There are 2 protein chains.
Amino acid sequence: MFEIAARDGAARTGLLYTPHGVVHTPAFVPLASTATVKSLQAGEVAELGYEMVLGNTFHLFIQPGPDLIRELGGLHEFMGWNGAIITDSGGYQVFSMGHGSVAEEIKRRRDPRTSRVVAIEEEGVRFRSYLDGSERFMGPETSMEVQAALGTDIALAFDECTPFHVERAYTERSMERTHRWLDRCVSWHREHAPAGRLLYGIVQGGVYEDLRDRSTSYVAQSGVDGIAIGGSLGQSKEQMREVVGWSLAGLPEAPPRHLLGIGDVDDLIHAVAAGIDTFDCATPTRLARHGTALVHDPARRWRLDLGKAAHRRSEEPIDPDCPCPACREHTRAYLHYLVRAGELTGKRLITLHNLTFMERLMRGMRQSIEAGTLAEFGDRVLAA
Amino acid sequence: MFEIAARDGAARTGLLYTPHGVVHTPAFVPLASTATVKSLQAGEVAELGYEMVLGNTFHLFIQPGPDLIRELGGLHEFMGWNGAIITDSGGYQVFSMGHGSVAEEIKRRRDPRTSRVVAIEEEGVRFRSYLDGSERFMGPETSMEVQAALGTDIALAFDECTPFHVERAYTERSMERTHRWLDRCVSWHREHAPAGRLLYGIVQGGVYEDLRDRSTSYVAQSGVDGIAIGGSLGQSKEQMREVVGWSLAGLPEAPPRHLLGIGDVDDLIHAVAAGIDTFDCATPTRLARHGTALVHDPARRWRLDLGKAAHRRSEEPIDPDCPCPACREHTRAYLHYLVRAGELTGKRLITLHNLTFMERLMRGMRQSIEAGTLAEFGDRVLAA
């Protein structure tokens, strides 16, 4: 179900086989959290070269609900997406409510649609829906059931994502509970999942090397098909790379590895070099909706804020070498205007651009690994 | 510059020649008020079959400003649209501020971006910008200058659009001022406009037959290239048809005729039968952004509110015979969900559908006029 095709140091290209086709890795996975990559049709995402999107178990649990999506043929059918789908477990969103401003810290922003945690128990989490205030419950089995109702190709085990500055004792207790929840997810999966559906376990353990070691071993031996690295990855890029390194150190080669919630250009390059296969992240599409385009400019963290007055008169495209419709057909001046005026067309055009940028970056990495030149490729991107 | 190709009763098909290509009439003209047909790229609008869009002189005057658009090559270049552009004069928006809730009455809704009228004078109108509160001025020459800066193909003369329940005396005084403003626009146009740019005058006169007669004669004899029918068209569809009838009665055959701000299916059918050539209206695209699709259902005013719970489980497309991406690729259930969740993808898909619907309706009318069967076509649509 995962076939490593080429290696370059710790990096590898691979073929990830799912019930909805193969995913060529390393791959970036765009967010279709709410059953849509915002502003795009599913078919357009496929045209950009993507083979997998990420659906959000928590949001779809709340609206429109797993029963409706199952009744309508599953998430693929519902949103018109024929490629692979990975669904997060809902744990991150459920716990974000509880951690509140700490979750904000991890993601640098709080999801406006937060609900309220009522209780975190061994069984799972009780919380109030952000839609209607009703009390809801999610635990490992619920999460697996919801993901099954969605008809996901890759399910993620239910976990608690601990923020980086909770104390070590809490991080440890939480990790141990996440491991017990993993076992329950594995049991559920063995009993109920159709052939071909994959289950990924999630490595937690915060910023503590020994906890990461223990979590890595636990997840690797749990019988899952793939391994996701989650939780707090630290408060700086350096710490994040260290934590990812610890998490990877104890992992067997064979299972595919997903890094949750990471999507900055430099982070992707380092993580691919370290042996990560897939990534999901809200940043490229969220930045787009706020007017920021991704560009080859490491000095500015690969970000071009089109809302800035400097672009008001620019007749240049975002990037003359980019094949996306925003770059082929429009000037920075027009995009600047659309961003300032809050126009939907601007959000959409920059989304198309940013996803084109990400897919070209990942393709560049795949080709470089095949050619054994990932280090040079990385240096070139990081020094562009 | 306007060539009548076929006739069927008072209806006609025609070829409207502009500096940016020919427009086959009768035609519906989508609104690109703010230099974008909201959620679409210009190229997509062309792919839907449209040959002309309408730009809004007032909004573009305020943001990003005519000087910038001229500097960037004009509105066509700015927004990437290669077809024809007609621009309204700005009069409607400028006066909407003054008339306030009365404007609301005409359009059933008030533009949230209203500014404040400071003074209406013979020279023109002073008002405060909704962006920064600065005092601005627009009169006939300003309007023509702005439209010239935009590089429009068809300019509309500056007018006051009187709402239907201002008293007759005001309607008459306003109409007479609009006529004087028309003369100033014609003078400006003769002196400054490049070859090929067309100027349309606007018939006013409210709901008073004798005023409409006078206005029609005045505009027809003013030397304009085409005639737009504007102003209050009454408080009911019956009154609107009566007023349009009066306005058309005194018109020569040759000039093209535009009906401002009308876009309901039944109104288009009646107006085409009465001899109107082009239409603009915010309704099809605005309804789309609020979740309402246009469908062949006269009993429901051709409207299908996809936000309604009835569509929650519907696996049908909006219309099985429609070739748009919303209908080819998605169910009503998915669109219902997108509308409820406020997703951009939903606004865009329904916009694509509604503009596909409008273009197919107009094409049907063009073909029926050529075949001499417009009455049957109209009966079929009105009784569908």
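Buried area is the accessible area, taken with a 1.4 Å probe, that two parts lose on being put together, summed over both. In this predicted model, the area buried between chain B and chain A is about 3300 Å², and carbon and sulfur atoms give 52% of that area.

**Extent of the interface**
- On the chain B side, 37 residues are in contact with 37 residues of chain A.
- Of the area that chain B buries against chain A, B:Q41, B:Y337 and B:L344 supply 20%, which is more than any other three residues.

**Charged and polar pairs**
- The rule finds six salt bridges across the interface of chain B and chain A, and B:E71 forms a salt bridge with A:R313 in which the closest N and O atoms are 2.8 Å apart.
- Across the interface of chain B and chain A there are also 24 residue pairs in polar contact, both residues being at pLDDT 80 or more.

**Elements and composition**
- Helix 3 (66–71), helix 4 (75–79), helix 13 (325–329), helix 14 (332–340) and helix 15 (344–371) of chain B each supply at least two residues of the side that touches chain A.
- Sorted by class, that side of chain B has 17 nonpolar, eight polar and 12 charged residues.

**Symmetry**
- Chain B is superposed on chain A by a rotation of 180° with 0.0 Å of shift along its axis, at an RMSD of 0.0 Å, and the two copies are thus related as by a two-fold rotation axis.
- The C-alpha of B:L344 is the one in chain B nearest the axis, 3.6 Å from it.
- Because 100% of the interface residues of chain B are also interface residues in chain A, the copies meet through the same surface.

Conventions: Residues are numbered from 1 along each chain as its sequence is written. Chains are lettered from A and ligands numbered from 1 in the order in which they are written. This is a predicted model: local features need pLDDT of at least 70, side-chain atom pairs count only at pLDDT 80 or more; totals for chains, interfaces and linings use all residues. Side-chain values use heavy atoms; hydrogens and water are left out. Contact means heavy atoms within 4.5 Å. A salt bridge is a side-chain nitrogen of Lys or Arg within 4 Å of a carboxyl oxygen of Asp or Glu. A polar contact is a pair of N or O atoms within 3.5 Å; within protein, one must be able to donate a hydrogen and the other to accept it, and residues adjacent in sequence count only if both atoms are side-chain atoms. Helices (H or I, at least four residues) and strands (E, at least two) are DSSP runs, numbered from the N terminus. Ala, Val, Leu, Ile, Met, Phe, Trp, Tyr, Cys and Pro count as nonpolar, Asp, Glu, Lys and Arg as charged, and the others, Gly among them, as polar. Copies are superposed by least squares on the C-alpha atoms of residues with pLDDT of at least 70 in both.
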